[in-house]
Amino acid sequence: MLGYAQAVDDRQREERSTVTDLSQIVKAYDVRGMVPHQWDEHVAEALGAAFAQVLTTGGETGDAVLIAHDMRATGPGLAAAFATGVRAAGRAVVELGLASTDMLYYASGSLDLPGAMFTASHNPAQYNGIKMCRSGARPIGQDSGLAEIRARAQALLDAGQARPAGPPSAPVHQRDLLADYAAYLRKLVDLTRIRPLKVVVDAGNGMGGYTVPTVLGDVALAALPLEIVPLYFELDGTFPNHEANPLDPKNLVDLQHAVRAEGADIGLAFDGDADRCFVVDERGEPVSPSAITALVATRELAKHPGSTVIHNLITSAAVPEIVRENGGQPVVSRVGHSFIKAEMARTNAIFGGEHSAHYYFRDFWFADTGMLAAMHTLAALGEQSLPLSVLASEYERYVASGEINSTVEEQAARVAEVRAAYPDAQADDTDGLTLRFADGAWLNLRASNTEPLLRLNVEAPTRERMASLRDAVLDRVRR
């Protein structure tokens with residue numbers, strides 16, 4: 001019987017070995033992979049233990065870790081396994097249960113505790129992941145602790161363990177912070193005095209369906225002059241209606257149709273973990289995240305003149321122009337939340353925005369929150385009488401392609417080929433390849449940190465120039 005049990009253990013260990021190459025799932029600023037093909041609860045437990053160990057060796061104050069998950073079916077199991085690892089390494093756990101990623105950041109900031117959010121954001125249903133932060137919502141990326149977490153977890157797994165020896169002994173607590181999170185956001189942006197607005201919200205079966213009713217519609221927090229028309233608010237990690245990735249235009253179609261059909265003033269689309277927000281105007285036309293970045297930056301600079309505003313390398317050239325025109329100091333950053341947050345903390349920036357609709361606020365512990373960006377946009381629209389299409393046009397000065405993804409095996413070779421094709425362009429390797437042309441056009445071609453893709457962004461003064469450059473580069477990338 002003992003031999004049989006040993007054989008089962010050996011077989012399970014052999015099966016687990018296919019999901020324990022952590023370099024495949026630990027990315028530049030989070031954990032992301034398919035469950036159970038690339039990782040499972042055994043791996044999650046090791047990552048939890050490693051996370052707690054790194055917090056301790058790094059001098060992290062406090063004795064607890066916040067843990068939350070989104071609506072994906074694998075979330076509760078992975079989060080519970082991670083909690084077991086944390087407790088075995090000597091730290092207590094505060095379970096937040098269902099949450100959006102920015103709710104986890106709110107909890108980390110307001111309670112001054114480190115945290116782990118189980119989500120794969122906009123990725124398909126078979127994926128899950130972890131976004132980790134130190135107390136005060138300070139980011140953890142490859143250069144700020146994630147590489148050490150991976151190494152410690154890998155050592156545990158290679159030794160046939162998921163956590164340190166001995167039963168988990170640290171306690172577990174539960175907290176519900178949804179109402180507190182909503183009240184905090186409402187203090188930052190006052191929507192009580194704006195004109196009445198009809199707002200269609202597409203939650204994509206993600207966490208926006210959990211947070212929007214409380215933040216924008218809970219009478220207990222004071223009724224707002226908003227008529228919310230909900231789309232796909234039912235939490236469902238299989239995403240039965242469309243992927244929770246508003247960056248892909250096909251996932252905005254339902255929202256665009258609903259805005260037109262309802263005669264709404266604005267449409268909002270959230271991704272799976274609701275830390276990003278996309279906007280469409282009253283015509284159902286998308287408003288670029290760069291325009292929203294410039295709009296929110298203008299509002300924040302009006303309150304804090306002369307402040308720094310962060311933008312990533314591939315936001316529109318209009319963003320730094322408008323920041324300067326409003327007395328601010330634009331600073332460019334690499335793409336990715338850990339890089340943006342670190343740069344915001346370094347410069348004490350009031351606000352930061354990315355082309356992917358991540359928006360960061362000093363008043364929110366330098367963390368990203370799609371909900372707060374949505375509230376700023378609603379306030380800007382509701383404080384004057386112009387339709388959103390007219391308001392947004394003030395911030396859109398160039399023609400952009402949007403982000404175009406291509407699955408490419410030989411990524412470095414294709415990027416080198418694009419560089420060689422434009423020897424007269426000014427090249428920048430800060431984040432992928434950026435080429436800037438004398439006529440004001442530019443392109444950025446970079447590898448995804450989370451998927452096997454090359455991402456292309458092109459911007460130019462005219463639509464014809466943008467389309468010509470876009471098509472020429474795609475021809476080389478996809479050849």
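Predicted model: local features only at pLDDT ≥ 70, side-chain atom pairs only at ≥ 80, totals over all residues.
Strands of a sheet pair through backbone hydrogen bonds, and they can do so in a parallel or an antiparallel way. Here five strands make an open sheet with mixed pairing, and their order is 9-8-10-11-12. At the edges are strand 9, residues 226-231, and strand 12, residues 286-287, each of which pairs on one side only. Inside that order, strand 10 (residues 266-270) and strand 11 (residues 277-280) are antiparallel partners joined over four bridges, and if you look for Ala-269 you will find it opposite Phe-278 in strand 11. Helix 8, residues 253-262, lies across strands 8, 9, 10, 11 and 12, and it runs at about 155° to strand 8.

Now to the largest pocket, which holds about 990 Å³ of space. Sorted by class, the lining has 19 nonpolar, 11 polar and nine charged residues.

Finally, the aromatic rings, for which the count is 13 pairs. One of them joins Tyr-106 and Trp-365 edge-to-face, at 6.0 Å centre to centre and with 65° between the planes. Tyr-106 belongs to helix 4 and Trp-365 to the loop between strand 16 and strand 17, so this pair ties together parts that are 259 residues apart in sequence.

How values were computed
Residues numbered from 1 in each chain as written. Heavy atoms only, no water. Pairing = 2+ DSSP bridges. Helix = DSSP H or I, 4+ residues; strand = E, 2+ residues; numbered from the N terminus. Contact = heavy atoms within 4.5 Å. Axes fitted to C-alpha atoms, helices over the stretch in contact; angles between N-to-C directions. 1 Å grid on protein atoms, 1.4 Å probe; cavity = no way out; pocket = protein on both sides within 12 Å on 5 of 7 lines; lining within 4 Å. Points joined across faces, edges and corners; volume = space filled by probe spheres on them. Nonpolar A, V, L, I, M, F, W, Y, C, P; charged D, E, K, R; others polar. Phe/Tyr/Trp six-rings, centres within 6.5 Å; stacked < 30°, edge-to-face > 60°.
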